[in-house]
Amino acid sequence: MSVDTPRRIVLLRHAKAEWSDESDHQRPLADRGRKDAPVAGRWLAGAGVTPELTLCSTAARTRETWKLVVSELPHRPKTVYDERLYEASLGELIAILNETSDEVSDLLVVGHNPGVHALADALAGEAEGDLLARMNRSGFPTASMAVLTFNGTWKAVEHGIGRLVAFWSPHA
């Protein structure tokens, strides 16, 4: 694929998790999270978003979110569970995106705040309408998604490269 290949990144924050005595990494979804995650999957399917690859944090709440989201999609993309996505900084998230094969056009990342919100905000050099302001006002709630597009290679992903084309939240 050429450096002008259109690409899409979907950033999904995990659905609402329980607060429990377990370690943060092992926290399961709350009832609301188990309801919101399939709704997020239906939104993706309805929007025609078909990721080829999903990178998912290894935390219990992200794995459970992805399982419920993907059950609503017309086909299951290849999924890689990456422990680096748990508590990843903005720089670490960009470095992970830079490792993506250029054979992948559509990538979905299931992660955590504040990293997912920071990444969406950093990549969005442009936005349709008031999407960027709406995303930033919302604080990127649980089970929310930002969809960004850009042209080029994954190695070229950096601040301001993308266009925010959709922002969705289950309770907006």
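Trainee: Why is Ala 143 counted as buried?

Mentor: The relative accessibility of Ala 143 is 1%, and buried means under 20% relative accessible area, against over 50% for exposed and partly exposed in between (1.4 Å probe, protein chains only); Ala 143 therefore counts as buried. This is a predicted model, in which local features need pLDDT of at least 70, side-chain atom pairs count only at pLDDT 80 or more, and totals for chains, interfaces and linings use all residues. Residues are numbered from 1 along each chain as its sequence is written, and side-chain values use heavy atoms, with hydrogens and water left out.

Trainee: What is the phi of Ala 143, and where does the residue lie?

Mentor: Phi is positive, about 65°, although Ala 143 is not a glycine. The residue lies in the loop between α5 and β6; helices (H or I, at least four residues) and strands (E, at least two) are DSSP runs, numbered from the N terminus.

Trainee: Why is Phe 140 called buried?

Mentor: Its relative accessible area is 0%, so Phe 140 falls under the cut-off for buried. Phe 140 is placed in the loop between α5 (131-138) and β6 (145-151), and its phi, near 60°, is a positive value in a residue other than glycine.

Trainee: Why are α3 and α4 called roughly perpendicular?

Mentor: Helix α3 (residues 90-98) packs on α4 at an angle of about 70°, with the axes 9 Å apart. Axes are lines fitted to C-alpha atoms, for helices over the stretch in contact, and angles run from 0 to 180 degrees between N-to-C directions. Angles under 35 degrees count as roughly parallel, over 145 as roughly antiparallel, 65 to 115 as roughly perpendicular and the rest as oblique; α3 and α4 are therefore roughly perpendicular.

Trainee: Which residues of α3 make the contact with α4?

Mentor: Leu 90, Leu 93, Ile 94 and Leu 97 of α3 do so, where contact means heavy atoms within 4.5 Å. Their partners in α4 include Gly 115, Val 116 and Leu 119.

Trainee: Where is the cis peptide bond?

Mentor: The bond from Asn 113 to Pro 114 is cis, with omega near 10°. Pro 114 is in the loop between β4 (106-111) and α4 (115-123).
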